[in-house]
Amino acid sequence: MVQKKSLMQKALDAAKKVTKKVAAKSSAAKKVTKKVAAKSSAAKKVTKKVVKKVPKKITGLRKFNSYTPKANESYMNKSQIKHFIKILTDWKLELSSDIDRTVSHMQDELTAYADPNDRASQESDMALELRNRDRERKLIKKIDGTLKNIDNDEYGYCAACGEKIGLKRLLARPTATLCIDCKTLDEIREKQIAK
Ligand SMILES: [Zn+2]
C-alpha cells in the first residue's frame, strides 16, 4: 500500500511537471480517484470494460524518411541539413505528444482497485510508463543537442576524431555524434569497464 501511494504520487508529480494544462487536470484526476475509491465495486465493473493499452516500446530504432542525394552533392549541404532538421523536429514533436498521451492515460488509469492482482498490474504498468517516459525525455534532450550541433555547423562530424560520420549512418541514426569507428571503440571500452 505504501509503495502504491508513492508510485501514484510519483506519477502525479511527473504529470505536473510536463505541462501546466496537465497539472490542472491532475488535481481533477485526484478528486475523481477519491470518488472512485469510495465506490470501489462500481469502479471494478467499469475497469473490466477498459481495454488495456500496452505502453509503446521505445527502441530507438525508428524508421526515418529516406533521402537521396544528387550526384556530386557535397556533404552536409543545405538540402541535407534541411532534411535532418525536419527529421529531428518531427521526431521531437512525436515524442512530446507521446509524453502528453502517457500522462493523460495514466490519469485515466488512476483507479483504486479492490483486487490486489489488479493493483499489482496497475503498479507495474505505471512503472513501465514512467520508465518509458524517462527514456523519451532523454531522447528529446539528445535531439535538442543535435539541433544545436546543426546550428553550430558541427553536425555530421565525429565529436572524437573530427571525421565525417557519413550520410548513411546519419540517416539511420540522426543523433549520432561519433563516426562508426569511434563508436565501436567506445563500445569496446565500455564493455571492458563493465567487466
Ligand atoms: Zn571518429
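Select helix 7, residues 180–194. Its 15 residues should span 21 Å at 1.5 Å a residue, and its end C-alpha atoms are 21 Å apart, so the two values agree. The expected span of a helix is 1.5 Å times one less than its number of residues. Helices (H or I, at least four residues) and strands (E, at least two) are DSSP runs, numbered from the N terminus. A residue counts as buried if 20 or more other C-beta atoms lie within 10 Å of its own, as exposed if 12 or fewer do, and as partly exposed in between, with C-beta atoms placed from the backbone.

This is a predicted model, in which local features need pLDDT of at least 70, side-chain atom pairs count only at pLDDT 80 or more, and totals for chains, interfaces and linings use all residues. Residues are numbered from 1 along each chain as its sequence is written.

Zoom out to the whole chain. The protein has 7 helices and 0 strands, and from the N terminus on its elements run α-α-α-α-α-α-α. Buried residues make up 13% of the 195 residues. Two residues are in contact if their C-beta atoms, placed from the backbone, lie within 7 Å. Among contacts between residues at least 6 apart in sequence, 69% join residues at least 24 apart.

Colour by pLDDT next; this is the predictor's confidence in each residue, from 0 to 100. The mean for the protein is 78, and 67% of its residues reach 70 or more. Where pLDDT is low, the predicted coordinates should not be read in detail.

Go to helix 5, residues 116–151. At 1.5 Å a residue its 36 residues should span 52 Å, and its end C-alpha atoms are 52 Å apart, which agrees. Show the side chains of Gln122, Met126, Glu129, Arg133 and Thr146, which are buried in this helix. Glu136 is in helix 5 too, but is partly exposed, with 19 other C-beta atoms within 10 Å. Draw a distance from Glu136 to Asp98: the residues are 38 apart along the chain, and their C-alpha atoms are separated by 8.5 Å. After helix 5 comes Asp153, whose phi is positive, near 60 degrees.

Move to Thr102 in helix 4. Thr102 is buried, with 23 other C-beta atoms within 10 Å. Leaving aside neighbours within four places in sequence, Thr102 is in contact with Glu129 and Arg133, both among the buried residues of helix 5. Asn132 is 30 residues from Thr102 in sequence, at a C-alpha to C-alpha distance of 9.3 Å.

Follow the chain back to the loop between helix 3 (40–49) and helix 4 and pick Asn72. Asn72 has a positive phi of about 60 degrees although it is not a glycine. Most residues other than glycine have a negative phi. Asn72 is exposed, with 5 other C-beta atoms within 10 Å. Met76 is in the loop between helix 3 and helix 4 and has a positive phi of about 60 degrees, again without being a glycine. Met76 is partly exposed, with 19 other C-beta atoms within 10 Å.

From Met76, step across to Tyr155. Apart from residues up to four places away in sequence, Tyr155 touches Met76, Phe84, Thr146, Asn149 and Ile150. Tyr155 also belongs to the largest nonpolar core, 8 residues in all; select the others, Phe84, Ile87, Leu88, Ile165, Leu170, Leu178 and Cys179. Helix 4 (residues 78–109) gives the largest share of this core, 3 residues. The core lies between domain 1 (1–35 + 73–155) and domain 2 (159–195), because both give residues to it. Domain bounds come from an automatic or database domain assignment. A nonpolar core is a set of buried Ala, Val, Leu, Ile, Met, Phe, Trp, Tyr and Cys residues joined through C-beta atoms within 7 Å.

End at Thr175, in the loop between helix 6 and helix 7. Thr175 counts as partly exposed, with 18 C-beta neighbours inside 10 Å. Beyond four places in sequence, Thr175 touches Lys142, Ile143 and Thr146. Thr175 and Ile143 are 32 residues apart in sequence and 6.3 Å apart in space, C-alpha to C-alpha.
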